[in-house]
Amino acid sequence: MGSESGAPLLEVREVTKSFGAVAAVQGVSFELYGGEAHALLGENGAGKSTIVKMLAGVHRPDSGDVVVEGAPQTFAGPADARDAGISIIYQEPSLFPDLSVAENIFVGRLPLLAGRRLDRAGMVRRSTEIFARLGVALDPTRPARGLSVADQQLVEIAKALSLNAKVLVMDEPTAALTNVEVDRLFEVIATLRRGGAAVLFISHRLEEVFASCQRVTIMRDGRLVRTATIDEVTVEDIIRSMVGRDLEQLFPKTETTPREVVLDVQGLSSEGVFVDVDLQVRAGEIVALAGLVGAGRTEVARAVFGIDRRTAGTVRLLGKELPNGRPRKAMAAGMALVPEDRRQQGLVMDMPIDQNVALASLNELSRVGLILRSRETRLATEWARRLQLKFGRMRGPVSTLSGGNQQKVVLGKWLARAPRLLIIDEPTRGIDVGTKAEVHRILDELVAGGMAVLMISSELPEVLGMADRVLVLCEGRVTGDFTRAEADEDSIMRAAAGLSATGAA
Amino acid sequence: MSSETVVRPSDATAPDGSRSGRSGRLRGLLRWETGLLVLLVLVVVFGASTSSDFLTRSTLFYLGINIGYVAIMALPMTLVIMTGEIDLSVASMLGLSGSTVGLLWHHGWSMWPAMGVALLVGLVGGALNGLLVAKVGLPSIAVTIGSLALFRGIAEIMLGSLVVPGLGDRQFPAGLTSIGVSPVVGTPLAWGFVVFLVLALVCGVLLHMTPLGRSLVAMGLQPEAAQFAGIRVALIKFWLYVATGVLSAFAGIIYTLQVSSVSYNAGTGLELNVVAIVLFGGVSIFGGRGTLPGVVLAVLILGSLQMALTQRQVDPNVQNVVTGVLLLLSVVVPSGGEALRRLRARSRHPRKNRPSTAQPTSSPA
């Protein structure tokens, strides 16, 4: 904060933005100073994204101003925002896969030599300079295809620097990053700050905010709650400000006695992805599949459900062996899978809410082969009530919901089938704190009611807080098997890194 | 398979994703069918005003003769396009089916078994398309351009320059070819058109009221999510192609009987009319959006327009131009509205000079 010299780089002044009857942002103001990393916090639907889109030039405020270095701006489009020195780094950057890293950095303004030839050497040299300044090793000549999400973000950051951006807005940059990558990103942010830039950082992970930001601005329901320096607030303060109430308990885990085995997987293999995975899940327990991103956890879930074919092994549900690669059979036997990627796999974004809830139960909702719309709406309304879904219109597209509420729709869609086994992949990724606790409470109730749950999670607190047993996967092999009592951060991380074989089954 | 490269219209429009924008699009969709209805009325009024013969039973009959067999192919095409795929081999299948009937007839078969074999050919051809698209996962546009050439090529090998029935051949049975000259008993409608109406009802119910129809929509909007919901995407696509093959073969039989003769090049180029009807009916080429009533309206509009122009004795080439313009408009109007909105938004907030992006050099400080 020492470098907060005088005038702010960017000011958001009393901005208001409504979509139809919905007031997304109402009279929000805050400042960004050069040299600070500033967290913008709030539950999904609090208005953070709308603020970002106004800074990006995608939306125009209905009233109020975005002020850059004292000059009020009118952005007609993203290009104007960029020219004003604001760059947005999205969670999942969209690079051109067939262009090189350097070309991606300079795309749209490729430097030319005489005779309209591309100045490749110049581009590579300048890219190398920028990467050196950021302290990262990335080859500017390699194609963007195959870069990890973290590296893609670095390319976007390099692009922002090449545009002389003074304000970098990072919209949930860490959601898809591993711990190591997050650390590297933080170092890059520190470098940017030292260079005098301002970083607006959006994340749902509060520990990251405390690790990297100097000030926080908290929003709730489209309004500003407070802006504070990081040492003035605690995690509890922030959560209370975001949610507007105390969260009784972060992980509401009830002790249960596991009963019969529901899922029994033996020797499950998929060539080149995972090998010889054994796992059992009993009624009334949550088994967590932990491990690093890329350890093969999602692939195991896909093979168990039948989205992908397995190359060896058996999958039994309640003693009945399931055929290979047949999700429908798995569903009929009582299995449900809430996938990792809500927007691509979990939901049909442009379909109405009720049709999404009904999508896995269409035959059950039909009589003589015709879908009964009234039954469909009743089913959706029922689950919306039970999961406390916040929605506008039942027949409005599911894409209008916030992330947390979208996740509830996916849950409702599967719970409507009354499954015996629920596989849930990253149950709370990209979901705000309040809804997160709700999802955890729902899982706890399901398990107390006798459901078997296989939960894949990259968040250790979630794993430790919710799981009765923890299986750890490392490079496609089970490297750890812990009871709730045995599991701790250290043992799981060691197993995930393939360091020890303690407790391996 | 094409999901990562295709920019869906939903991504391009309503960038704010707000509720008003979305329901606005829904209203737009409703308006499309309403617009078609209004257009149909206009075409009928136009027809009636230019010729006293327009509002007669014989107009209705010949409308069905002219467009019935094309319209039959538009029905499975609607379902295929709803899933985000396409089948460009329908007209070649029509020709191949007719040629099969012709060849067998030429070799002394009787009509019913010959028609049975033609339908079987449709089934096999459709299964070939389905296998390559759904199981192998090749892009449908490439596969069916291939089978477009393949089916027509086989038809040409089979019949060559032969026109059946030619010299020395028996005439087709009069009882069957009468569908080309007399309407269904008790109605003014041609047989092919009645078949179309019945099939349209079946397809409409299927698409809008059954689990299968809902699955088609989900597949078209988001194939991966459909798969994760237990929808057997590949299997459904396979059978859709089989159905398209069989119905195209069936359309080929109807066409053959209507004109009571066949040559290998029957219906050449008709696949474009079929696709055009479906798109004109408001079905999105990206899949997932559209209604069957819209397609039926498109059929009626194009059929009536054709009749009106014929009765005015407009040159067939000019007729093609008129239909072409109409179809282009159907594509331009919806996206044109969007372009107009953008243009207006731009003129309201004039852009400032943007030197830094225009210049090739902006060295990193």
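Q: How many Å separate the centres of domain 1 of chain A and domain 2 of chain A?
A: The centres, taken over C-alpha atoms, are 34 Å apart. Heads up: this is a predicted model, where local features need pLDDT of at least 70, side-chain atom pairs count only at pLDDT 80 or more, and totals for chains, interfaces and linings use all residues. Residues are numbered from 1 along each chain as its sequence is written, chains are lettered from A and ligands numbered from 1 in the order in which they are written, and side-chain values use heavy atoms, with hydrogens and water left out.

Q: OK, and which residues make up the domains of chain A?
A: Domain 1 is 10-95 + 147-243, domain 2 is 247-334 + 419-505 and domain 3 is 346-417. Those bounds come from an automatic or database domain assignment.

Q: How many residues are in contact between domain 1 of chain A and domain 2 of chain A?
A: 10 residues of domain 1 touch 10 residues of domain 2, with contact meaning heavy atoms within 4.5 Å.

Q: What area is buried there?
A: About 900 Å², and carbon and sulfur atoms give 62% of that. Buried area is the accessible area (1.4 Å probe) that two parts lose on being put together, summed over both.

Q: How many salt bridges cross that interface?
A: The rule finds 0 between domain 1 and domain 2 of chain A; a salt bridge needs a side-chain nitrogen of Lys or Arg within 4 Å of a carboxyl oxygen of Asp or Glu.

Q: New topic: how many aromatic pairs are there over all chains?
A: There are 7. Rings of Phe, Tyr and Trp (its six-membered ring) pair if their centres lie within 6.5 Å; planes under 30 degrees apart are stacked, over 60 edge-to-face, the rest tilted.

Q: Why is the pair of Tyr69(B) and Tyr255(B) called tilted?
A: Their planes sit at 45°, so the pair is tilted, with ring centres 4.7 Å apart.

Q: Last one: which peptide bond is cis?
A: One that is cis runs from Val164(B) to Pro165(B), with omega near -5°. Most peptide bonds are trans.
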